[in-house]
Amino acid sequence: MHSYITHSPAETHALAKAIGQRLKKGSCIAFFGGLGAGKTTFTRGLAEGLGLPDLVSSPTFTLVNEYHAPGCISVYHFDMYRVTTPEALETTGFRDYPAKEGIFIIEWAENIADELPENAIRITIAGNGDQPRNITIEGNDSLADLIG
Ligand code: ADP
Ligand code: MG
């Protein structure tokens with residue numbers, strides 16, 4: 001497990017961008033942390049690191065936003081806020097997205113904790129408002145590559 005403290009959205013964005021630059025096809029980022037923790041801020045940094053245009057918004061009113069750009073790995077950005085049962089997950093088509101061909105980013109991973117891909121990198125963001133954020137990153141063996 002690796003822990004970081006960020007003192008501003010810009011610091012969170014920078015940490016995320018550095019990680020985004022190292023993500024590989026098939027990676028899955030699973031966010032834990034409540035409303036306003038900084039999940040979408042982190043996701044924008046990941047997207048910038050991946051070279052994707054700055055289009056990332058919170059997908060709260062849609063289940064998934066897709067980001068595609070020439071020469072970039074595609075990103076599938078899910079918001080599981082309203083997905084609170086295994087049945088709800090099935091009806092979303094979550095499993096039909098091409099996990100091996102793209103990168104999954106999952107907000108509200110708490111809600112599908114038992115269904116997360118085995119290789120998920122778990123990012124927990126604690127703190128809200130103007131407080132510093134305590135960001136912990138846990139995952140599998142590729143984590144060392146990811147965060148040096
Ligand atoms: P979530 O997607 O988790 O609901 P957002 O990324 O949409 O959260 O919002 C996070 C809010 O917290 C933003 O308004 C951002 O400016 C603010 N914020 C303050 N400090 C930080 C920090 N250190 N890291 C990330 N966001 C921060
Ligand atoms: Mg969000």
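Cysteine 28 is in no disulfide; the nearest cysteine sulfur belongs to cysteine 72, 19 Å away. Cysteine 72 is likewise in no disulfide. Cysteine 28 is buried, at 1% relative accessible area. Cysteine 72 is partly exposed, at 22%. Here buried means under 20% relative accessible area, exposed over 50%, and partly exposed in between (1.4 Å probe, protein chains only).

This is a predicted model: local features need pLDDT of at least 70, side-chain atom pairs count only at pLDDT 80 or more, and totals for chains, interfaces and linings use all residues. Side-chain values use heavy atoms, without hydrogens and water; residues are numbered from 1 along each chain as its sequence is written, and chains are lettered from A and ligands numbered from 1 in the order in which they are written.

Now the sheet. Seven strands form an open sheet with mixed pairing, in the order β1-β7-β6-β2-β5-β4-β3. Strands (E, at least two residues) and helices (H or I, at least four) are DSSP runs, numbered from the N terminus. Two strands pair if DSSP finds at least two bridges between them. β1 (2–6) and β3 (64–67) stand at the edges; each has a single partner strand, so one side of each lacks a neighbour in the sheet.

Take one pair. β6 (residues 121–126) and β7 (residues 133–138) run antiparallel, over five bridges. Isoleucine 125 stands opposite isoleucine 135 in β7.

Helix α1 (residues 9–20) packs on the sheet and touches β1 and β7. Contact means heavy atoms within 4.5 Å. The direction of α1 makes about 145° with that of β1. Axes are lines fitted to C-alpha atoms, for helices over the stretch in contact, and angles run from 0 to 180 degrees between N-to-C directions.

Notes. Disulfide = S-S within 2.5 Å.
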